[in-house]
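Have a look at the structure first, then read on.

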Amino acid sequence: MAGSIAGRLVGKRAILVGASRGIGAECARIMARAGAHVILCSRDIAALEQLAAEIGLQGGRAGVAPIDLTDPGSIVAGIQSAVDQLGGLDIAVNNAGDNSARDRLIDLPLDSFDAICSVNLRGIFVAMQQQLRVMLAQGTGGAIVNTTSASATRAMKGMTAYVASKHGLLGLTRVAALEHAPDLIRVNCLAPGAIMTDMLRRGTVAQLGEEQLAAAIPMGRIGGAEELAQGLLWLVSDEASYVTGINLPIDGGFSL
């Protein structure tokens, strides 16, 4: 995954759903630096426009398309807007991570479960359907990457809906990878561990503190969003041309 960034995605047309901040924003920056034309999608249009302007000042190409992952109609319209701006689609990155409800399974309200799964699972399902349809119509293949987490392969107390949604997303990814391998569409997951973002600060760091969280990681530290973005860049590049259906952990050994 090491090597020069410049030129690795030249000519590629990319959509990044969930790009307004944190991991998504860093992934958008690295794809733009690698030469991709990136359309940034989320509900926070002001944040997207600021990021697009930043990318433009650094010599990259970025546009904006509003998407609300809780609204299937918004997803369909947003993906179409992005494809219209790009003139096609080679890369799609779906980055969603609502973890606002932290309760034991027995205590979790149904509406909280539904709210998290509507973003983390159903919303990505709808986005993938639209992205796959575009790539299939083009007939030239493509790469889709979904953001899971360590919670896609292990249980965590008090994170019922989040864990269920991320397990489900890994399943969706594997089915899509199997069904569309003959179409040269690669579908993979990127599984971040403890990456320092606003969501991590509000959640696990607020509960445990940075030192205790770092102590639970074999490498003894919390990762940076740029480290995750390097993994994303590899998965969507031609360097990973024989890779599909995997869940790539970037977690300092936490999933071991």
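Before counting anything, here's what counts: helices are DSSP runs of H or I with at least four residues, strands are runs of E with at least two, and both are numbered from the N terminus. By that count, the protein chain has 8 helices and 7 strands. Its radius of gyration is 17 Å, close to the 18 Å that the globule rule gives for 256 residues, so the chain is as compact as a globular protein of that length. Keep in mind that this is a predicted model.

**The whole chain**
- Along its principal axes, the C-alpha trace spans about 45 × 40 × 35 Å.
- Of the 256 residues, 52% are buried.
- Look at contacts with a separation of 6 or more, and 70% of them join residues 24 or more positions apart.

**Surface and charge**
- The accessible surface comes to about 11400 Å², and carbon and sulfur atoms hold 55% of it.
- There are 20 positive and 23 negative charges, and their mean positions sit 3 Å apart.

**Zooming in on helix α1**
- Helix α1 takes in residues 22-33 and reaches 17 Å from its first C-alpha to its last, close to the expected 16 Å.
- Why call α1 largely enclosed by the rest of the structure? Because 9 of its 12 residues are buried.
- The buried ones include Ile23, Cys27, Ile30 and Met31.
- Among the partners that the buried residues of α1 pack against are β1 (13-17), α2 (45-57) and α8 (225-236).
- After α1 comes Gly35, with a positive phi near 110°.

How values were computed: Residues are numbered from 1 along each chain as its sequence is written. This is a predicted model: local features need pLDDT of at least 70, side-chain atom pairs count only at pLDDT 80 or more; totals for chains, interfaces and linings use all residues. Side-chain values use heavy atoms; hydrogens and water are left out. The expected span of a helix is 1.5 Å times one less than its number of residues. Buried means under 20% relative accessible area, exposed over 50%, partly exposed in between (1.4 Å probe, protein chains only). Contact means heavy atoms within 4.5 Å. The radius of gyration is taken over C-alpha atoms; the globule rule is 2.2 Å times the number of residues to the power 0.38. Accessible areas come from the Shrake-Rupley method with a 1.4 Å probe; for residues, only the protein chains shown count as cover. Lys and Arg count as positive and Asp and Glu as negative; His and the chain ends are not counted. The place of a charge is taken as NZ of Lys, CZ of Arg, CG of Asp or CD of Glu.
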